[in-house]
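Student: I have a structure open and want to go through some local features. Can we take them one at a time?

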Amino acid sequence: VSLTCHCAYHCRERVTEVERERIFKAFYQLGSNDAQNKYLYGLIRKKIVKRRTRGAARPRSHTLSYHVRLRDGSHVQVCKHAFCDLHAIGKRRVENLVAKLTAGVLVATDQRGKHKNRPHATSEATKQKIREHIKTFPRRKSHYSRSDNRKREYLDENLSISRMYLLYLEKHEPQVKETGAKPEVKEWLYRKIFNEEFNLSFGYPRSDTCETCDLLHVTIQASKTEAERVELQLELAAHQEKASQGYRLLRSDTEATKSAGDHTLLTFDLMQNLPVPTLTHGSMFYSRQLSVYNFGIHNTTTGTASMYMWNEAIASRGADEICSCLTHHLTVLSPQTKKLTCYSDSCFGQNKNFQMVCFWNQQVLERFEQVDHKFLVRGHTYLPNDRDFAHIEKRKESARVYVPKDWELVVREARPLSPFTVVPMESSKFLDFAELSKQYTHRKKDADKKPVLISKAVWMNFGQGEDISGELKKHPNEVWLRYSYNT
């Protein structure tokens, strides 16, 4: 801090460089403007004038002196110029403090923005109108990354804040477009309320996108030749079309099973792990929590959903556990069911493996005439189970869980109008399907000597099905694999 004054107080000699630095840092460590003003107020002293000049045009009734406090607690008088330099403030600020001191104000508080006399301030009624307009847009929650986007909701990807503002003007201030009048609500205010009072975004969250789609999009952007870019775009279009075919097939199967009394459609999936306990004090962040597993089975024919729950101390979450839950659920299906269609994701360890093939074949031998297990394209596996899990996630936000069994009550309460059926899974309910698998031969090639690739299949058919010519044929103890939804 440098002093440029040449006054009779010899400020540069009386206040050393070390003291100047200390005074400057101490002043700005006070933080608030009011605290700084209070500090400066105590360093300005008002004195009665001892000698007056006769005939003065504007006789003074008092004089002012400025001081600084040194490390040892003593006060040193400095000139006004040095007083401003030491605290890095302007003369206008000092003059405002002096005016308050002269007027007898005891504490100099900052009154900027507190006068409440803004004639053009936006009324609360107008702000509420903006809030109500924002709430009219349909929104949805994220279904694949609820832990990362816990309370965020998503508007249509074709919307933007600017577009929403224009729609607001069309609805509430049509004269702006008709006559060119100035709008009462400016876009900055609409944007401010949207950003500060709502947790909304546009389009699909990045975590809801497909890994293959993301990779192809990035590769297309980095492609160096037109031929390479066109080839990648065709590959992306084929991948997305395959995913769309899976969704269309799910919709058509859902409609078909509603009118067929002997045909049932199930979708199943594992929910994200549920932690125990759900405490948030500091030590919990350093401790490993117990995980509770929730396997959901949604019956689209009846619109009901069952949740099979167990914790990691009881069992894992592999093919044995999935088949065990399905075994229990199949016992409660209607006895009239002869054809069963199931949809799931393409997880190899749980759903798409030889153990699952043996399980379905055994079900055909014991009960069903036909079983079809279809897999949606990886990254595009939105199932009805995700809507069920979203109800649980919403209830989870306010739940307090201390022991694993508490999660069962949370899941039951998640959908009050149509409660989920909760089935606690004990150790005795889990079966060992490894022995069943040993009864079958895992062939590596099919009848045409082509490799059998279960991992690439999108459809497994058991019992009976249509062959290439479209004729319905029975094929016991065989699994027909399809690598596309059409053939």
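**Charges over rings**

Tutor: The charged end of R482 sits over the ring of W459, at 4.0 Å from its centre. Keep in mind that this is a predicted model.

Student: What lies over the face of F375?

Tutor: That is K352, 4.8 Å from the ring centre.

Student: Now ring pairs. How many aromatic pairs are there?

Tutor: The count comes to 12 aromatic pairs. One of them is F24 with Y28: the ring centres are 5.0 Å apart and the planes are at 50°, so the pair is tilted.

Student: Where do F24 and Y28 lie?

Tutor: Both are in helix 2, four residues apart, or about one turn of the helix. As a general point, an α-helix has 3.6 residues a turn, so residues three or four places apart point the same way.

Student: How accessible are F27 and Y39?

Tutor: F27 is buried, with a relative accessible area of 0%. Y39 counts as partly exposed, at 21%; the cut-off for buried is under 20%. F24, F27, Y28 and Y39 form one aromatic cluster.

Student: Which residues of helix 3 are buried?

Tutor: In helix 3, residues 33–41, the buried ones are Q36, N37, L40 and Y41. Seen down the axis, they fall within an arc of 140°, so they line one face of helix 3.

Student: What do they pack against?

Tutor: The buried residues of helix 3 pack against helix 2 (17–28), strand 1 (44–48), helix 4 (80–87) and helix 5 (91–102).

Student: And helix 7, what is its length?

Tutor: Helix 7 covers residues 161–172, which is 12 residues. From first C-alpha to last it reaches 16 Å, close to the 16 Å expected at 1.5 Å a residue.

Student: Which of its residues are buried, and what covers them?

Tutor: The buried residues of helix 7 are I161, M164, Y165, Y168 and L169. They cover an arc of only 145° around the axis, which puts them on the same side of helix 7. Their cover includes helix 6 (124–135), strand 5 (153–155), helix 8 (175–179), helix 9 (187–197) and strand 6 (200–202).

Student: Changing topic: how many disulfides?

Tutor: The count is zero. Take C342: its sulfur is 11 Å from the closest cysteine sulfur, in C323, which is too far for a bond. C342 is buried, at 0% relative accessible area. C213 also counts as buried, at 7% relative accessibility.

Student: Last topic, the backbone. Which residues does a cis peptide bond join?

Tutor: V276 and P277, with omega about -5°. P277 lies in the loop between strand 8 (274–276) and strand 9 (290–299). Most residues other than glycine have a negative phi, and most peptide bonds are trans.

Student: Which phi values are positive in a residue other than glycine?

Tutor: Among them are A88, with phi near 55°, and N477, with phi near 60°. A88 is in the loop between helix 4 and helix 5 and is partly exposed at 42% relative accessible area. N477 lies in strand 15, residues 472–482.

Methods:
Residues numbered from 1 in each chain as written. Predicted model: local features only at pLDDT ≥ 70, side-chain atom pairs only at ≥ 80, totals over all residues. Heavy atoms only, no water. Helix = DSSP H or I, 4+ residues; strand = E, 2+ residues; numbered from the N terminus. Expected span 1.5 Å × (residues − 1). Buried < 20%, exposed > 50% of the residue type's maximum accessible area, 1.4 Å probe, protein only. Arc of directions from axis to C-beta. Contact = heavy atoms within 4.5 Å. Disulfide = S-S within 2.5 Å. Phe/Tyr/Trp six-rings, centres within 6.5 Å; stacked < 30°, edge-to-face > 60°. Lys NZ or Arg CZ within 6 Å of the ring centre and 35° of its normal.
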